[in-house]
Amino acid sequence: MAKQARIVVIGSLNMDLVICTPRIALEGETIIGSNFATMPGGKGANQAVAASRLGAKVEMVGCVGDDGFGKELIAKLKGEGIGTDYVTTVSCDSSGVAMITVNESGENSIVVSPGANNRMTPAHVRQAEEIIRSADLVLVQLEIPMNVVEEAVQIANNQHVPIILNPAPAAHLSDFLLQKIDILTPNETEARYIATGQAAGVERYEEIIPKLKKKGVKQVVMTLGGDGAAYSIEDGVIHIGANKVVAVDTTGAGDAFNAGLAVYLGEGGKLNDAIRFAQKVAALSVTSFGAQSSMPSRSTVENLID
């Protein structure tokens, strides 16, 4: 049996306000939706929950507001067995909120109000340096201030702890920062933006991944939605197809993938196998509604046939 992975997740906690619609509304348009739900979310918390359900020992580092949502978000993490000693409650802002619409084919549109997530500082990360030192892997996203991301990467580097940066939402990343990342996990839009400065374009993963490697990233694992994932090797790029499932809600699929990748690598697994495992986690996550609520258990993932 593989050893238990120790994962530190540094990132956002949001309350997701989700409504189902027949389609995504156009600009200036009002449409009638159906089901509505309030669900704990945020890319950081989603990845923490997913990693914990996959069997890892997880510590969360982040900020929530001193409000009902903040209390609920912390309670949810504790209920999932996640350490919350480094989740700080701030009184100067509300908890983060995401407004999510999900259409009939499972695709979504999301608007985020960061709230307390933007109150996170490098000092919050420094307070967690001891648990970072003892981790197998650190997982970070971009729904928190960039100086916090940079501090997390620097501390992980200093402690020789591998770091996965999930660059979502898309943002400019300096070559200096990219050179300190062990694994960068962008989707197609994020990868193109980091590589070229443009979110739109015709370049395929075979062209984009080498551009990211030239910026100094040690390893690029690029998610391709229903087309699977691709990753860099010394002399090229390898593509791995996705598991075929019927999508109900794609919210949190990228978070599921990142958690699966982190856990498998944290257990000592090889990258190729870790990507295949992460693909299964992501595939299962889109077969039910919600982000955290849809994250699968380890046994469910292992029972999914390729």
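Q: In which strand is Tyr-231 found?
A: In this predicted model, Tyr-231 is found in strand β12, which covers residues 229-233.

Q: Is Tyr-231 buried or exposed, and how does one decide?
A: The general idea is to take the relative accessible area of a residue and to call the residue buried when that value is under 20%. For Tyr-231 the relative accessible area is 6%, so Tyr-231 is buried.

Q: Which residues is Tyr-231 in contact with, once its neighbours within four places in sequence are left aside?
A: Contacts of this kind show what a residue meets when the chain is folded. Tyr-231 is in contact with Ile-209, Gln-219, Val-220, Val-221, Gly-236, Val-237, Ile-238, Ile-240, Leu-271, Asn-272 and Ile-275. One of these, Ile-209, lies 22 residues from Tyr-231 along the chain, and the C-alpha atoms of the two are separated by 7.5 Å.

Q: How many helices and strands does the chain have, and what is its radius of gyration?
A: The secondary structure comes to 11 helices and 13 strands. For overall form, one can compare the radius of gyration with the value for a compact globule: with 306 residues that value would be near 19 Å, and the chain has 18 Å, which agrees. The C-alpha trace spans about 50 × 40 × 40 Å along its principal axes, and buried residues make up 53% of the 306 residues.

Q: Why is α1 described as largely enclosed by the rest of the structure?
A: A helix can be read by asking how many of its residues are buried, and then what covers them. In α1, 10 of the 11 residues are buried, so this helix is largely enclosed by the rest of the structure. The buried residues include Lys-43, Asn-46 and Gln-47, as well as Ala-45, Ala-48 and Val-49. Their cover includes the strands β1, β3, β4 and β8, together with the helices α2 and α9. After α1 comes Gly-55, whose phi is positive, near 110°.

Q: What volume does the largest pocket have, and which residues are closest to its centre?
A: The largest pocket has a volume of about 1,200 Å³. Its lining has 44 residues, of which Asn-187, Thr-250, Gly-252, Ala-253 and Gly-254 are the closest to the centre. By class, the lining divides into 17 nonpolar, 19 polar and 8 charged residues.

Q: Which element gives the largest share of the lining of the largest pocket?
A: The largest share, 5 residues, comes from α9. Several elements each supply at least two residues of this lining, among them β2, α1, β6 and α10.

Q: Which residues line the largest cavity, and how much space lies in it?
A: A cavity differs from a pocket in that a probe fits inside but cannot get out. About 30 Å³ of space lies in the largest cavity, which is lined by Asp-16, Val-18, Met-39, Ile-100, Asp-249, Thr-251, Gly-290 and Ala-291. This lining has 4 nonpolar, 2 polar and 2 charged residues.

Methods
Residues numbered from 1 in each chain as written. Predicted model: local features only at pLDDT ≥ 70, side-chain atom pairs only at ≥ 80, totals over all residues. Heavy atoms only, no water. 1 Å grid on protein atoms, 1.4 Å probe; cavity = no way out; pocket = protein on both sides within 12 Å on 5 of 7 lines; lining within 4 Å. Points joined across faces, edges and corners; volume = space filled by probe spheres on them. Helix = DSSP H or I, 4+ residues; strand = E, 2+ residues; numbered from the N terminus. Nonpolar A, V, L, I, M, F, W, Y, C, P; charged D, E, K, R; others polar. Rg over C-alpha atoms; globule rule 2.2 N^0.38 Å. Buried < 20%, exposed > 50% of the residue type's maximum accessible area, 1.4 Å probe, protein only. Contact = heavy atoms within 4.5 Å.
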